[in-house]
Amino acid sequence: DILYLGGNATTYAKYNQGDYKIWKVARRVLTTHAYIMSRKGAEKALQSPIDTEAVDVALWEVQKDNKSYYYSPSLFIQNPDYSDILNQQVNYTGMI
């Protein structure tokens, strides 16, 4: 339902496809700076509490069904910048 091209996975399950270990099953991926969503994933996301939660936290509900994956290492990263959620400068270098 979601393929994260970058993110910080706080919880994940390993997923191996032959000799390739480039993706993992997403359980609790933070950040929403680079992802692809299926139509089904988008429909689930629209039912998530996005208006009351940070978007990345709200999407944890979509990740629960084990059809969400993320690339490791991340294909895209975030530059240090101001977080509207935390109301402060943040730097996730080394976490993503």
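The following legends describe close-up views of a predicted model.

**Figure 1. Salt bridges in the predicted model.** A search of the whole structure finds 3 salt bridges. One of them joins Lys-44 and Asp-1, another joins Arg-39 and Glu-43, and Lys-64 forms a further one with Glu-61. Side chains of opposite charge can pair when their charged atoms come close.

**Figure 2. The salt bridge between Lys-44 and Asp-1.** The two side chains meet with a distance of 2.8 Å from N to O. This pair links distant parts of the chain, its members being 43 residues apart. Lys-44 belongs to helix α1, which covers residues 39-46, whereas Asp-1 lies in the segment before β1 (2-4). Asp-1 has a relative accessibility of 14% and therefore counts as buried, since the cut-off for that class is under 20%. Lys-44 is partly exposed, its relative accessible area being 25%.

**Figure 3. The salt bridge between Arg-39 and Glu-43 in helix α1.** The side chains of Arg-39 and Glu-43 meet at 3.5 Å, N to O. Both residues are in helix α1 and stand 4 residues apart, so about one helical turn separates Arg-39 from Glu-43. Arg-39 counts as exposed, with 70% relative accessibility.

**Figure 4. The salt bridge between Lys-64 and Glu-61.** The closest N and O atoms of Lys-64 and Glu-61 are 3.3 Å apart. Lys-64 has a relative accessible area of 57% and is exposed. For Glu-61 the relative accessible area is 46%, so this residue is partly exposed; the exposed class requires a value over 50%.

Figure 5. Ile-2 is found in strand β1. With a relative accessible area of 2%, Ile-2 is buried. When neighbours within four places in sequence are left aside, Ile-2 is in contact with Tyr-35, Ile-36 and Met-37, with Leu-59 and Val-62, and with Lys-67, Ser-68 and Tyr-69.

**Figure 6. Ile-2 and Lys-40 in sequence and in space.** Ile-2 and Lys-40 are separated by 38 residues in sequence. In space, the distance between Ile-2 and Lys-40 is 9.2 Å, taken from C-alpha to C-alpha. Strand β1 holds Ile-2, and the segment before this strand holds Asp-1, the salt-bridge partner of Lys-44.

Note on methods:
Residues numbered from 1 in each chain as written. Predicted model: local features only at pLDDT ≥ 70, side-chain atom pairs only at ≥ 80, totals over all residues. Heavy atoms only, no water. Salt bridge = Lys/Arg side-chain N within 4 Å of Asp/Glu carboxyl O. Helix = DSSP H or I, 4+ residues; strand = E, 2+ residues; numbered from the N terminus. Buried < 20%, exposed > 50% of the residue type's maximum accessible area, 1.4 Å probe, protein only. Contact = heavy atoms within 4.5 Å.
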